[in-house]
Amino acid sequence: MKQIHLLGATGSIGTQTLDIIRHYPDKFRLVTLSFYKNIEKGIEIIKEFNPEYVSVGTKEIAEQLRSHFPHILIDYGLESMVQAAAYESASKENTVVVTAVVGSVGLTPTLAAIKKGYTIALANKETLVTAGDLVITEAKKNNVTILPVDSEHSAIFQALHAGDTREINRLIITASGGALRDYSREELEDVTVEMALNHPNWSMGAKITIDSATMMNKGFEVIEAHHLFNLSYDQIETLIHRESVIHSMVEFCDYSIIAQLGTPDMRLPIQYALTYPNRLPIKQSQPLNFADVSTLQFEPMDFDRYPILSYAYEAGRIGGSMPVVLNSSNDAAVRLFLEGKIKFLEIEKIVYNELKEHNLIKDPTLETILELDQEIKRKIFQEHERR
């Protein structure tokens, strides 16, 4: 039985992870979990799965939960999330830490779990985007496997079973195009939050859905792929694929292309990360019916239409602290957009300006990364308040 530590239990990836655990109680046991402030959902999860340790966002929520569950260890704040990630499980070899939190808050707990030797099922993009070199170095040092949960990286990971990394010509990461894929640049001027959140294929959290609409999500995935698969940015391409049936492809040196296909259901990559190197049937899901698909469309990526993707490529190539600036400025800008304080196209303007003004730090430490993240967000919010 695998011991599961779930960071971000009440979010989109978290709830789908719980669905898999629910259907395979003989395979998985939820040992620890974290959530921020959705106490109603949190109580339901704790009642159903009876974990040993719970991390929450605030002291008030922790005190409420302690009155309901006096037999469970409950704490709050970042240190408690670190404890949830690195909690002493029954078996180190069979412990999988699912990092499903959104934002740079997932970085420190993930590194703590790596140092404990736990397998990482990675759904937190910021971990590799902001600190990829540090994380991969630590994983190698501790002989830790990082299993991608993103559908695109899971597809590449699965396709790589057909060959060796040294035989790769290129990775082809597919993108649906997001909720606004049929809008012109002019039409994007008046996009509302509701319009940007209306994703045609996937059901995801608000932040990642907006990132999909700007194509920043794909930019993050390019940087992640660079670190996960140790390939140059010139070997990583992006392609619009509206149906989201082919989740990504690998082209080998003999020009053979191996693709992973499936219905747009995030439980597939989540479950594969939990069961790897084996597979289990996905319950309450549907197989891909090729007769229903009929057509698969592909379009070249338009960097003029999606300039933020080009910023991500450039930040990744420069490296150092640039990906931190990319992530932090985007995080702040998306939050302002979701709160109705800026227009949609201002997201990419904010990111561009921060990257342009930043003085590169070549080899940032973890402390530098975390400080820079907060500094950039604080600067953007303060500038907005002064408008």
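Pro277 sits in the loop that runs between α11 and α12. In this predicted model, the peptide bond leading from Tyr276 to Pro277 is cis, and its omega is near 10°.

Two other loops hold residues with a backbone feature to note. Asn143, in the loop between α6 and β7, has a phi near 55°, which is a positive value in a residue other than glycine. Asn143 is also exposed, at a relative accessible area of 71%. Tyr255 belongs to the loop between β10 (246–252) and β11 (257–261). The phi of Tyr255 is near 70°, again positive in a residue other than glycine. With 61% relative accessibility, Tyr255 counts as exposed because the cut-off for that class is over 50%.

**Salt bridges**

Side chains of opposite charge can pair when their charged atoms come close. The structure contains 26 salt bridges. Three of them are listed here.

| Salt bridge | Distance, N to O |
|---|---|
| Glu224 and Lys125 | 3.6 Å |
| Glu354 and Lys379 | 2.7 Å |
| Lys379 and Glu357 | 3.4 Å |

What does the bridge between Glu224 and Lys125 tie together? Glu224 is part of helix α10 and Lys125 of helix α6, so the pair connects parts that are 99 residues apart in sequence. Glu224 is buried, at 3% relative accessibility. Lys125 is buried too, with a relative accessible area of 7%.

Lys379 takes part in a bridge with Glu354 and in another with Glu357. Is Glu354 buried or exposed? Glu354 is buried, since its relative accessible area is 8% and the class takes values under 20%. Lys379, at 28% relative accessibility, counts as partly exposed. The second bridge of Lys379 also runs between helices: Lys379 lies in α16 and Glu357 in α15, so this pair joins parts 22 residues apart in sequence.

Some bridges share partners. Which residues are joined into one network in this way? They are Lys125, Asp150, Glu152, Lys218, Glu221 and Glu224.

Which elements each supply at least two residues of the lining? They are α6 (125–141), β7 (146–148), α10 (216–229) and α11 (267–275). By residue type, the lining divides into 14 nonpolar, eight polar and five charged residues.

Several elements named earlier return here. Helices α6 and α10, which contribute to the lining, are also the helices that hold Lys125 and Glu224. The loop with Asn143 lies between α6 and β7, and both of these elements supply lining residues. Helix α11 is another contributor, and the loop with Pro277 lies between α11 and α12.

**A nonpolar surface patch**

On the surface, Leu261, Phe290, Leu296 and Phe298 form a nonpolar patch. Together these residues have about 340 Å² of accessible area. Phe290, one of the four, is placed in helix α12 (residues 290–293). Phe290 is exposed, and its relative accessible area is 54%.

Notes:
Residues numbered from 1 in each chain as written. Predicted model: local features only at pLDDT ≥ 70, side-chain atom pairs only at ≥ 80, totals over all residues. Heavy atoms only, no water. Helix = DSSP H or I, 4+ residues; strand = E, 2+ residues; numbered from the N terminus. Nonpolar A, V, L, I, M, F, W, Y, C, P; charged D, E, K, R; others polar. Patch = residues over 30% accessible without salt bridge, like charges linked within 9 Å, V, L, I, M, F, W, Y side chains within 5 Å. Areas by Shrake-Rupley, 256 points an atom, 1.4 Å probe, with all protein chains shown as cover. Salt bridge = Lys/Arg side-chain N within 4 Å of Asp/Glu carboxyl O. Buried < 20%, exposed > 50% of the residue type's maximum accessible area, 1.4 Å probe, protein only.
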